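Reader: I am new to reading protein models. Please show me how to do it, one feature at a time.

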Amino acid sequence: MGKLCEVCDKGTLNGNSVSHSNRKTHRLWAPNVQRVRVEVNGQVRHMNVCTRCLRSGYVKRALPTGTATAEA
């Protein structure tokens with residue numbers, strides 16, 4: 001389930017690679033899916049989201065919760 005966008009349900013597509021001599025071999029096209037921290041209903045969770053949904057702003061990225069502080 002790593003190649004499925006949880007926002008738009010975009011998944012893998014199948015088809016044929018066609019060579020110059022018109023030979024056909026089976027292949028898959030997979031979407032660019034990233035596992036990101038997303039804020040959903042005030043809760044932070046990890047989701048598999050395609051880069052098209054990230055770029056279009058369909059999800060709100062959660063800020064990192066780093067505890068490192070700069071000490072002088």
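Reader: What should I know about the model itself?

Author: It is predicted, so local features need pLDDT of at least 70, side-chain atom pairs count only at pLDDT 80 or more, and totals for chains, interfaces and linings use all residues. Numbering starts from 1 along each chain as its sequence is written, and side-chain values use heavy atoms, with hydrogens and water left out.

Reader: Are these cysteines buried or exposed?

Author: Learn the cut-offs. Buried means under 20% relative accessible area, exposed means over 50%, and partly exposed lies in between (1.4 Å probe, protein chains only). Cys5 has 0% relative accessibility, so Cys5 counts as buried. Cys50 is buried at 2%. Cys53 is buried as well, with a relative accessible area of 2%.

Reader: And what share of the protein chain is buried?

Author: Buried residues make up 18% of its 72 residues. Its accessible surface is about 6,000 Å². Carbon and sulfur atoms hold 49% of that surface. Such areas come from the Shrake-Rupley method with a 1.4 Å probe; for residues, only the protein chains shown count as cover.

Reader: Now the fold. In what order do the elements of the protein chain run?

Author: First, the rule. Helices (H or I, at least four residues) and strands (E, at least two) are DSSP runs, numbered from the N terminus. The protein chain has one helix and four strands. From the N terminus on, the order is β-β-β-β-α.

Reader: Which strands run antiparallel?

Author: Two strands pair if DSSP finds at least two bridges between them. Strand 1 (residues 13–18) and strand 2 (residues 24–29) run antiparallel, joined by six bridges. Val18 stands opposite Lys24 of strand 2. Strand 3 (residues 33–40) and strand 4 (residues 43–50) also pair in the antiparallel sense, over eight bridges. There, Val36 has Met47 of strand 4 as its bridge partner.

Reader: How many residues lie between the strands of each hairpin?

Author: Five residues separate strand 1 from strand 2, and Asn22 takes a positive phi near 70 degrees in that hairpin. Two residues separate strand 3 from strand 4, where Asn41 has a positive phi near 55 degrees.

Reader: Next, charge. How many salt bridges are found in the whole structure?

Author: A salt bridge is a side-chain nitrogen of Lys or Arg within 4 Å of a carboxyl oxygen of Asp or Glu. The search finds two. In one, the side chains of Glu6 and Arg45 meet at 3.7 Å, N to O. Glu6 lies in the segment before strand 1 and Arg45 in strand 4, so this pair ties together parts 39 residues apart in sequence. Glu6 is partly exposed at 29%. Arg45 is partly exposed at 41%.

Reader: Which residue forms a salt bridge with Glu39?

Author: Lys60, with the closest N and O atoms 3.8 Å apart. Glu39 lies in strand 3 and Lys60 in the segment after helix 1 (51–56), so the pair ties together parts 21 residues apart in sequence. Glu39 is partly exposed at 34%. Lys60, at 52%, counts as exposed.

Reader: Which residues make up the largest nonpolar core?

Author: A nonpolar core is a set of buried Ala, Val, Leu, Ile, Met, Phe, Trp, Tyr and Cys residues joined through side-chain atoms within 4.5 Å. The largest has eight residues: Cys5, Val36, Val38, Met47, Val49, Cys50, Cys53 and Val59. Strand 4 gives the largest share, three residues.

Reader: Which residues is Cys53 in contact with?

Author: Contact means heavy atoms within 4.5 Å. Leaving aside neighbours within four places in sequence, Cys53 is in contact with Cys5, Val7, Cys8, Tyr58 and Val59. Cys53 lies in helix 1. Cys53 and Val7 are 46 residues apart in sequence, yet 7.3 Å apart in space, C-alpha to C-alpha.
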